[in-house]
Amino acid sequence: MFRELHKLAAVFEVNWLIEECRNWLCKKIQQISTPTYSTLFFLFEECLFIAKRWGVTRPMNLLLAKLAMADSSQFITRYIGNLSDRNTHQLRYLLKLAGTKSTIFSNVMSRDLQYRTSLTDNLRYLLKNINFY
């Protein structure tokens, strides 16, 4: 419902409604205390959509800052699932969320490599952009 309302507001250039939608999303992010996976999935996907479609990163930056205060490794591992189902836009924000916790991605990459004879675009992206320090 949120995404559809936001898309309609953007298509018809209803600026006050666009701003209200984004403020609502930011308010939901700020209210996170002990979120479930489904809540995090919803927030992450909606922030991704807004960032990718309209280049507005304020909600995503807020979400990343909020999630950085807790251990996000379980969310990242579950969200990635099958690496080939993700895109580099998603991976970029997951890398930001993980920060220096590169073991999350090394486990994902090794699992993915077990079934491949060559590097996929997503594996190349991770190897190129992961912070091993």
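Visitor: What makes up the largest nonpolar core, and which of its residues touch the most other members?

Guide: In this predicted model, the largest nonpolar core has 36 residues. The ones touching the most other members are Phe 44, Met 60, Leu 63, Phe 75, Ile 76, Leu 94 and Phe 105. Helices H2, H3, H4, H5, H6, H7 and H8 each put in at least two residues, and H3 gives the most, with seven.

Visitor: Ile 76 is on that list. What is Ile 76 in contact with, leaving aside its neighbours within four places in sequence?

Guide: Ile 76 meets Leu 94, Leu 97, Ala 98, Ile 104 and Phe 105.

Visitor: Why is Gln 90 called buried?

Guide: Check the number: Gln 90 has a relative accessible area of 8%. Buried means under 20%, so Gln 90 counts as buried. Gln 90 sits in helix H6, and beyond its neighbours within four places in sequence it is in contact with Phe 44, Glu 45, Leu 48, Tyr 79 and Asp 85.

Visitor: How do you know that H2 and H4 are roughly parallel to each other?

Guide: Their axes cross at roughly 0° and come within 9 Å. Angles under 35 degrees count as roughly parallel, so H2 and H4 get that label.

Visitor: Which residues make the contact between H2 and H4?

Guide: From H2 you have Glu 19, Arg 22, Asn 23, Leu 25, Cys 26, Ile 29 and Gln 30. H4 brings Arg 58, Pro 59, Leu 62, Leu 63 and Lys 66. By type, that contact splits into six nonpolar, two polar and four charged residues.

Technical notes:
Residues are numbered from 1 along each chain as its sequence is written. This is a predicted model: local features need pLDDT of at least 70, side-chain atom pairs count only at pLDDT 80 or more; totals for chains, interfaces and linings use all residues. Side-chain values use heavy atoms; hydrogens and water are left out. A nonpolar core is a set of buried Ala, Val, Leu, Ile, Met, Phe, Trp, Tyr and Cys residues joined through side-chain atoms within 4.5 Å. Buried means under 20% relative accessible area, exposed over 50%, partly exposed in between (1.4 Å probe, protein chains only). Helices (H or I, at least four residues) and strands (E, at least two) are DSSP runs, numbered from the N terminus. Contact means heavy atoms within 4.5 Å. Axes are lines fitted to C-alpha atoms, for helices over the stretch in contact, and angles run from 0 to 180 degrees between N-to-C directions. Angles under 35 degrees count as roughly parallel, over 145 as roughly antiparallel, 65 to 115 as roughly perpendicular and the rest as oblique. Ala, Val, Leu, Ile, Met, Phe, Trp, Tyr, Cys and Pro count as nonpolar, Asp, Glu, Lys and Arg as charged, and the others, Gly among them, as polar.
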